[in-house]
Amino acid sequence: MKNLLFLSSLLLASCSAVAQNQYTIDGRVANAPDGLKVYLQDTQWPDPHMVDSTVIQNGRFMFKGKLAGPDLHRIIIDKTPKGEKTSQRNWLMSSFYLENSPISYAGNLDSLPTFYYKRDRVVAQPRITGSATENQAAALRESLAPLGKQLTAVNKQYTDEFHIPAMEGKFNTPVGIKLAKQEWALNDQLRERKMAFIKANPKSVVAYDQANYFLSGMFVDMTVKQIEELQAAVAKGWAGTPRLAAFNEKAEKAKRTAIGTKYQDFTLTTPEGKAVKLSSYVPKDKYTLLEFWASWCGPCRAEIPHLRNVYETKGKNFQIVSISFDEKDADWRKAMKEEGMVWPQLVDTRGFEGDIAKAYGILGIPFSLMLDKQGRIMRVEMRGAYLDATLQDLKI
């Protein structure tokens, strides 16, 4: 009898160990019809893949599996009508940190987040419990939420009081400058809090992902020193791992276009069809705005009235160089004439496949950056009142 009890204890301990080395996701979705497809997807960039799939029955679904370590995943519920090809437009998607533990997921089909933003949809995040890593991420999000709320309010005020009027030729410059500087200050506070979290939790995948976010996107608004500080923090938790190698590769690339680095020179084409070096249009005694655009880009065209106004009032004290990604020469010329772009104009007809786009990681336009008098990158995203605020700081 004692032996049986001993074996039972071993069996229970073994089952417990197995349970801890796998995950289970017990999903409950209110108002969901039977048969809806549900996917578990990882978030590997640039090619996320579906880890598992199932269907909803009686408002429930289940996933089981095993991970090498906690990682960010997505639950996707596909509402594509039967007989139609699946489309992300019909997806409901929730992201969370999955780990080897029993996890519960509960939400309402009518209010779960959609893959693409839908303005009129009332969204309620699903309740996800059982993941300590997700709890840590949720605590971080909660701590940053007040700053995020302030930033959203400032952005809305900027759109309403500066951006929309500027598109109609009315420039509320003092208001725009005030709001731009408020946004910069809030972003600085967010950066500081995230950096503090990364340094305090170097072994956490949540901290690793936050560090990665600093180096993701179209531009990295950091100095080389700040990037190296980030690398040192990540190395404390991920030394000798493929994740650290991948992070360092991204960091070294980011350093090439970091704040304070010299701009990169490329051969572009003038309206006269002449091949020239960008450096021949960047003066050594002035600040220079490099502005990337195209005739087909609506937001780019919307920014041009403001650029024209700035050039007319400040153009003697700094330079603007516009670089078009237009592939069709006639479209480029027509847009330049329509917009009255009298400052230096260059084009790279290879667009996003061109050397300059690849060097600066330009994935979308409009994109702009300011160079100091030594040709070093000093600020990025110099659009609208953000340019005005920079010129004010430079006393131009």
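**Figure 1. Cavities in the predicted model.** The structure holds 2 cavities of 30 Å³ or more; a cavity is a set of points, on a 1 Å grid over the protein atoms alone, where a 1.4 Å probe fits but cannot get out. A volume is the space filled by probe spheres set on the points, with grid points joined across faces, edges and corners. The model is predicted: local features need pLDDT of at least 70, side-chain atom pairs count only at pLDDT 80 or more, and totals for chains, interfaces and linings use all residues. Residues are numbered from 1 along each chain as its sequence is written, and side-chain values use heavy atoms, without hydrogens and water.

**Figure 2. The largest cavity, with about 70 Å³ of space.** Its lining (residues with an atom within 4 Å of a point) consists of Glu 291, Glu 303, His 306, Leu 307, Pro 366, Phe 367, Ser 368, Met 382, Arg 383, Gly 384 and Leu 387. Helix H7 (298–314) and strand E14 (367–371) each give two or more residues; helices (H or I, at least four residues) and strands (E, at least two) are DSSP runs, numbered from the N terminus. H7 contributes the most, 3 residues.

**Figure 3. The second largest cavity, with about 40 Å³ of space.** Tyr 158, Phe 162, His 163, Ala 166, Ala 302, Glu 303, His 306 and Gly 384 form the lining. Helix H2 (132–167) and H7 are the elements that supply two or more residues, and the largest share, 4 residues, comes from H2.

Key. On a 1 Å grid over the protein atoms alone, a cavity is a set of points where a 1.4 Å probe fits but cannot get out, and a pocket is an open set with protein on both sides within 12 Å along at least five of seven lines; lining residues have an atom within 4 Å of a point.
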